[in-house]
Amino acid sequence: MSDAAWGPGIATAIGSMPGADPVEVARTVVGELPGLMPFPELPGRGVGADILGRTAGLLVDLAVEVVPSGYRVASRPGRDQRRAVDLLRWDLDAVEQAVSEAGAPRAVKVQAAGPWTLSAGIELHRGHRVLTDQGALRDFAESLTEGLIRHAEQVAARTGSRVVVQLDEPALPAVLAGALPTPSGYGKVPAVPEPDAQRLLTEVIEKLAAATDSPVVVHCCATRPPVALLRRAGAGAIALDATKLGDVSGSFADELGETWEEGTTLFLGLVPSTEPAGETRLRQLAEPAFGLASRLGFGRRALAERSVPTPTCGLAGATPAWSRRAISLTRDLAKLFADEAEQ
């Protein structure tokens, strides 16, 4: 498996974008991020376009529906499932059109909820979360993996580009900590032991990496993402919000240092995902990355060779103008890292 999906000078975005026009957004990401183009997600379109609904549209032989409490397993595909599938089909058409106009990206990154976030966010018929039922959890993980492989194949066929898969796991820290509420709201779902969480992620990551011949990215923008677990699970890259890490020390510094030392790439969220007040200076945006590299004992070359700058999280909450500015700043950071490595 090659690691050439990224390298010096490469920047990307997390995935979500503002607006509701897939053609316009596809043209933006194809034109602005040709090195590692994020397959655009437009959650502003509502049901079926959010992280859970969109991922549910990829599932094979499983369906969900919308109920007052959120998404729930359905006995057969209904209106909500069909909407998610249709939105994804329109997005594929939009990306293919943009690529035909601007040329194929070097690589395309497709995003979906990871198995733990998906199974934490969908209910079984009796109201409990999917992750509380071992059989259902297994079924959803296998269905997600198969659906993502099919999706990656479709994207590759439509674009002619290499495809990288990103698993979004914002709920994983809560899953590990036993912080998810039960249906009544009075209790908590028992914590999932780290070895169990790692085992399931490993199975999904290995199958996706083998099918795409590319390293798999896992995104978790928590203050303390489970970096060591994700590395042991086989993540080729870990995407995190570098502006939220604070004073990296102790065991967390060891986790990050070992991860970088062993060759796992860090996708460093550095550019604000919504427009900040005041002037935005490139060097100021780069400081968390420079500080992290220095704290972990790595030189500037490591930032160019083993990191990819991104916005801090998805850009769905940004204005269209700021989303374009954020992408431009992210590209500038990648160039800055490459330039600094040569000095």
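Here's a quick tour of this structure, from its sheet to its salt bridges. Keep in mind that this is a predicted model. Seven strands build an open sheet, the largest nonpolar core has 102 residues, and a search of the whole structure turns up 20 salt bridges.

**The sheet**

- Reading across the sheet, the strand order is β1-β4-β6-β7-β8-β9-β10, and the pairing is parallel.
- β1 and β10 (307-311) sit at the edges with a single partner strand each, so one side of each has no neighbour in the sheet.
- In general, strands of a sheet pair through backbone hydrogen bonds, and that pairing can be parallel or antiparallel.

**The nonpolar cores**

- Within the largest core, the residues with the most contacts are Trp116, Leu240, Leu256 and Leu268.
- Helix α12 supplies the largest share of this core, with nine residues.
- Zoom in on Leu240: leaving aside residues up to four places away in sequence, it touches Cys220, Pro225, Val227, Leu245, Leu256, Leu266, Phe267, Leu268 and Gly269.
- There's also a second, separate core of 11 residues, and Ile10, Leu36, Val164 and Ala237 are among them.

**Helix α1**

- Helix α1 covers residues 22-32, and its buried residues include Pro22, Val25 and Ala26. Thr28, Val29 and Val30 of α1 are buried as well.
- What do the buried residues of α1 pack against? Their partners are β1 (37-38), α3 (79-102) and α12 (320-341).
- Check the start of α1 too, where a side-chain oxygen of Asp21 comes to within 3.0 Å of the backbone nitrogen of Val23.

**A serine in a loop**

- Ser161 lies in the loop between α5 (134-159) and β6 (162-168).
- Is Ser161 buried or exposed? Its relative accessible area is 7%, so it counts as buried, because the cut-off for buried is under 20%.
- A polar atom of the Ser161 side chain lies 2.7 Å from the backbone oxygen of Pro105.
- Not counting residues up to four places away in sequence, Ser161 touches Ala104, Pro105, Arg106, Ala107, Val108 and Ala156.

**Salt bridges**

- As a general idea, side chains of opposite charge can pair when their charged atoms come close.
- Arg72 and Glu65 meet in a salt bridge through their side chains, at 2.8 Å from N to O. Arg72 is partly exposed at 26% relative accessible area, and Glu65 is partly exposed at 27%.
- Asp133 and Arg126 form a salt bridge in which the closest N and O atoms are 3.7 Å apart. Here Asp133 is partly exposed at 24%, while Arg126 counts as exposed at 57%.
- Glu146 and Arg150 also join side chains in a salt bridge, at 2.8 Å from N to O. Both lie in helix α5, four residues apart, or about one turn of the helix. Glu146 is partly exposed at 36%, and Arg150 is partly exposed at 43%.

Conventions. Residues numbered from 1 in each chain as written. Predicted model: local features only at pLDDT ≥ 70, side-chain atom pairs only at ≥ 80, totals over all residues. Heavy atoms only, no water. Buried < 20%, exposed > 50% of the residue type's maximum accessible area, 1.4 Å probe, protein only. Helix = DSSP H or I, 4+ residues; strand = E, 2+ residues; numbered from the N terminus. Contact = heavy atoms within 4.5 Å. Polar contact = N/O pair within 3.5 Å; in protein donor to acceptor, adjacent residues only side chain to side chain. Pairing = 2+ DSSP bridges. Core = buried A, V, L, I, M, F, W, Y, C linked by side-chain atoms within 4.5 Å. Salt bridge = Lys/Arg side-chain N within 4 Å of Asp/Glu carboxyl O.
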